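Let's take a friendly walk through this model, beginning with a term that will come up again and again. Keep the structure open beside the text as you read.

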Amino acid sequence: MNTDNLQIQIKTFFGLEQVLAEEVKKLGGKNVDVKNRAVTCEGDLGFLYKLNYSCRTALKILVPIMEFKAFNETKYYDKLYKFEWDQFLEPNQTFAIDATVNSERFSHSQFMTLKMKDAIVDYFQEKHKVRPNISKDNPDIKFHLHIDRELVSISLDSSGDPLFKRGYRKEQTVAPINEVLASGMLQLAGWDGKGNFLDPMCGSGTLLIEAAMIAMDLPAQTFRRNFAFQNWKNYDSELFKTIKEVRLNRVKGFTGKIVGYDIDYSALDAARANIESAEMEDVIEVRKQNFFDSEKDMFPLLIVFNPPYDERISINDDDFYKKIGDTFKQHYPNTLAWLISADLDAPKKIGLRPSRKIKLFNGKLETRFLQYEMYDGSKKGKYMNKEE
């Protein structure tokens, strides 16, 4: 593997590709190219470490190691068997294979995964007289198999566990929002740590913590302990240590307020546990407060939230969304607010015209990320209150 110029593929959620591309460019990626739910780029080994440690909207980061065409299972096995797997895997290490298959010729991903496992094990048995073991839960080396019609691509997974597993979440409520999606929403909303932030239905606090991490320029994986690349043959622990130190030296103070409301005591308890785990008790405040009874008390203010909806939590849907719109209009003048909803009729129910709509997915649920701009009395307020 040429570690000076790695070809890198970074997976993300639908709708966050441009956000991810901007992150990759800022971190120093070369030849950045936007794909469907992914971004490709080039960089050296140190850049790969930095991506894993710092990138907020990456789900997993792959390094392609082989590609070939196969028109039947025999050719597929033969190609895999002849590959020099001991470049990447020691005989005493465990491994696992993730697979995505989009092919009429090879329709069963489990079978293709099994054939790849057989080829790897047979290779080691023949060459080293040792059989490496599979470990689904905690493998040393993780391979990613992708089959698109006849094209077979094998990559090394440099991340291991998906990168939304930041390491700070200790407690959760019903259907908490994914950390990568939360960070992507905040970046789409323009949150840069200037001003104040409110999540008026904060649940277990994910948006609050991600907002604080952005505001402080704290690397996304500050609280994570392990990455798959640490088990690679060419792992450079001193290089990774240096990269972490450089990134942590960029962390800055935050002078604004980050506040979360919720009406549920168990949600607030979960949020406080997660905030404490992220060591952000001095940065984030949560309190029991019904958003519909609240008034704006921070200037300027950005609101981003993930209100409960029927697929996750049973609510009186129409009345609930109408109350959101009424609260925006009556109590939050000169405010930019964003919310995500799987109810595609939510804008009608809210009763305000969204100024932007972005299609995102929350798990398998198709959603809209909606922007609302509230002016004081009329749109003239927009120009009279520019500082907000």
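A residue counts as buried under 20% relative accessible area, as exposed over 50%, and as partly exposed in between, using a 1.4 Å probe and protein chains only. By that scale Glu 279 is exposed, with a relative accessible area of 62%. Before going on, please note that this is a predicted model, in which local features need pLDDT of at least 70 and side-chain atom pairs count only at pLDDT 80 or more, while totals for chains, interfaces and linings use all residues. Residues are numbered from 1 along each chain as its sequence is written, and side-chain values use heavy atoms, with hydrogens and water left out.

Now for the overall view. The chain has 11 helices and 14 strands; these are DSSP runs numbered from the N terminus, with helices being H or I of at least four residues and strands E of at least two. Its radius of gyration is 23 Å, close to the 21 Å that the globule rule gives for 388 residues, so the chain is as compact as a globular protein of that length. (The radius is taken over C-alpha atoms, and the rule is 2.2 Å times the number of residues to the power 0.38.) Along the principal axes, the C-alpha trace spans about 75 × 45 × 40 Å. Of the 388 residues, 52% count as buried.

The chain is divided into domain 1 (6-157) and domain 2 (179-218 + 228-381), with bounds that come from an automatic or database domain assignment. Their C-alpha centres lie 33 Å apart. How many residues of domain 1 are in contact with domain 2? There are 31, and they touch 27 residues of domain 2, where contact means heavy atoms within 4.5 Å. Among contacts in the chain between residues at least 6 apart in sequence, 77% join residues at least 24 apart.

Next come the aromatic side chains. The structure holds 28 aromatic pairs. Rings of Phe, Tyr and Trp (its six-membered ring) pair if their centres lie within 6.5 Å, and planes under 30 degrees apart count as stacked, over 60 as edge-to-face and the rest as tilted. Why is the pair of Tyr 77 and Tyr 81 stacked? Because the ring centres are 5.9 Å apart and the planes meet at 10°. These two tyrosines are four residues apart in helix H3 (residues 73-82), so about one helical turn separates them. Tyr 77 counts as buried at 19% relative accessibility, whereas Tyr 81 is partly exposed at 28%. Trp 191 and Phe 197 give a tilted pair, 5.4 Å centre to centre with 50° between the planes, and both residues are buried. One aromatic cluster includes Phe 291, Phe 292, Tyr 321 and Tyr 372.

Finally, a look at the backbone. Most residues other than glycine have a negative phi, and most peptide bonds are trans. A cis peptide bond joins Phe 299 and Pro 300, with omega about -15°. Pro 300 sits in the loop between strand S10 (284-288) and strand S11 (301-305).
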